[in-house]
Amino acid sequence: MKHLVIVLLLFIILFYSQTNAQSVLVSEYFNDQPTYEWNELLVVTDNLDMRGFVVTDNNTAQVTRQGGVRFKNIDFWRHVRAGTIIGIWHRDYPTNAKADRDTSMADGRIMLAKNDTMFFEAYKSNDAIVNDAPFNIAIDGDIIEVLDAAGNHIHALGHRVVDPAPGTYYVNMATPKMNVATSLLNGQSNRFFPGSKLEDYNGNQGDTIAKVCIENMTRTLPNKDCWTDSSNSDFWHFLRSPRWASPTLNAIVKPNNVELNWNTLSDSYPDDKMQGYLLIRDSGNVSTLPVNGTTYITGQRIGSSIVIANLPTSQTTFIDTLAVVSGTKYSYRVYAYRFGIDDELGNGANPNTSRGRQYNTTQLASVDIIADVEEQQTTEFKVYGCQPNPAETETTIRWEASNSAQYTLHIVDVLGRLMYEQTLGGKGNGMQSIQCDVHNFPPGMYNYTISNGKHTISRQVLVLHP
Ligand SMILES: [Ca+2]
Ligand SMILES: [Ca+2]
Ligand SMILES: [Ca+2]
């Protein structure tokens, strides 16, 4: 029993130290003339309150903290989403281009300057040896460290070439951390690589989990190896996409629509609307996934699928206004996403950048249905083959009603896209007909469906433009 309690306590301590310590990662930092120096942070914990957080550098001997920034007590830092990339210039903005000055967090990427008092207060360590303590990376040794608002160590990456390396501040610092035993020349960056999972961000000097070189620097982009093109974009994508445990989707087929409902995904701060659902329909098999970095609009195609909605996570139902064709298979998918269009790279950012909108394409809700709406079994009305069929410019659809209900006509293409819709009015008994203009339809097979709200009957028409 006593052993069990100790084990449990150790587990709890370990759990807390892990979750607290790794809420933010120091991913990479760049040494140059101070004007062009930067560091890059990656947020791990979702909905993280970063008000009061500190990013600080160290002196060359790694003995004491120097300067840096403290995140201001403003709403901007209150609900930072997992996967947010924070780049900080160590002085001012070099230019006002979005690559260099990006103050909008909706896309999960910001690039701010230390001297921007909208976001930061200057931080100077109480025990800084030098009076003037700016944010300066030294060639022979330094550390970029993140502290939480209470001053607790969160994460650090350092370098030091001179023996003994590392210095005493580094040695006494809590984990997780990493030090590379080399100098960092102007024009070089120190970066975690491979950095493909959280455990890769904590190690001992000599471990090959961080690298210093002049090649492949990646400011606010996934880290790259020095001499190959491999990057840790999968890990960035993993942090930047939402979680959805056991997604389920139900579809209820009605004569003139399909009602969809699904279970809600995990969203620790729905108010910011940074997460949502992408809904698609396919009248065959879904073969193409949404592409990371791309934001789709309703009606847009993803392979053979069609986007039917983009919804916030507060909504878990949707009515697809589609007159289904009996016997036809329809596939529905609901994908969860986080973040909007990238401010710098625009819509359609290369998926390898893991920037902009990120989809969870492994945890997704799906349902396939074969529509069965009791068609051709009613005595209330009959639908006859249209004339002519194949049709070139127009065709006449005839039906015969035995009562005077309200009838509607829908024509859809093979993807289920509505091409034509007509209310036929409360016609009386007997033979009815309507002439349809099809000269604008692309050549192909179409389904036409007549419904009286209770029953539907569908037939097919081939459109040709010889
Ligand atoms: Ca941005
Ligand atoms: Ca320094
Ligand atoms: Ca990087």
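Trainee: In which order do the five strands of the open sheet stand, and is their pairing parallel or antiparallel?

Mentor: Let us start with the general idea: the strands of a sheet are held to one another by backbone hydrogen bonds, and their pairing is either parallel or antiparallel. Strands are DSSP runs of type E with at least two residues, helices are runs of type H or I with at least four, and both are numbered from the N terminus. Two strands are said to pair if DSSP finds at least two bridges between them. This is a predicted model, in which local features need pLDDT of at least 70 and side-chain atom pairs count only at pLDDT 80 or more, while totals for chains, interfaces and linings use all residues. Residues are numbered from 1 along each chain as its sequence is written, and chains are lettered from A and ligands numbered from 1 in the order in which they are written. In this open sheet the five strands follow the order S16-S17-S15-S19-S20, with antiparallel pairing. Strand S16 (301-302) and strand S20 (358-370) are the edges, each with a single partner strand, so one side of each has no neighbour in the sheet.

Trainee: Over how many bridges do S16 and strand S17 pair?

Mentor: S16 pairs with strand S17 (residues 305-312) over two bridges, in the antiparallel sense, and Ile302 stands opposite Ser305 in S17. Two residues lie between the strands of this hairpin, where Gly303 takes a positive phi near 60°. S17 also pairs with strand S15 (residues 275-282), antiparallel and over six bridges, and there Leu279 has Ala309 in S17 as its bridge partner.

Trainee: How many helices and strands are there in the protein, and which domains does its domain assignment give?

Mentor: The protein has three helices and 27 strands. Domain bounds come from an automatic or database domain assignment, and two residues are in contact if their C-beta atoms, placed from the backbone, lie within 7 Å. Here the assignment gives domain 1 (20-239), domain 2 (249-370) and domain 3 (381-463). Between the C-alpha centres of domain 1 and domain 2 there are 35 Å, and their contact takes 19 residues from domain 1 and 18 residues from domain 2. On the side of domain 1 that touches domain 2, the largest share, three residues, comes from helix H3 (residues 233-240).

Trainee: Is H3 mostly covered or mostly open?

Mentor: A residue is buried if 20 or more other C-beta atoms lie within 10 Å of its own, exposed if 12 or fewer do, and partly exposed in between, with the C-beta atoms placed from the backbone. By that rule H3 is mostly covered, since six of its eight residues are buried, among them Phe235, Trp236 and Leu239. The buried residues of H3 pack against strand S2 (38-43), strand S19 (329-338) and S20. Strand S25 (residues 430-437) lies largely in the open, because the number of buried residues among its eight is zero. S25 is joined by eight bridges to strand S22 (residues 394-401), to which it runs antiparallel, and Glu394 stands opposite Asp437 in S25.

Trainee: How many residues has the largest nonpolar core, and which have the most contacts inside it?

Mentor: A nonpolar core is a set of buried Ala, Val, Leu, Ile, Met, Phe, Trp, Tyr and Cys residues joined through C-beta atoms within 7 Å. The largest one has 50 residues, and Val26, Leu41, Val43, Val146 and Leu157 have the most contacts inside it. Strand S1 (residues 24-30) gives this core its largest share, five residues. Another core, of 44 residues, lies apart from it and includes Leu260 and Val334.

Trainee: Which residues is Leu249 in contact with, leaving aside its neighbours within four places in sequence?

Mentor: Leu249, which lies in strand S13 (residues 249-253), is in contact with Leu260, Trp262, Tyr332, Val334, Ala365, Ser366 and Val367. Leu249 itself counts as partly exposed, because 18 other C-beta atoms lie within 10 Å. Leu249 is 27 residues from Pro222 in sequence, and their C-alpha atoms are 33 Å apart in space.
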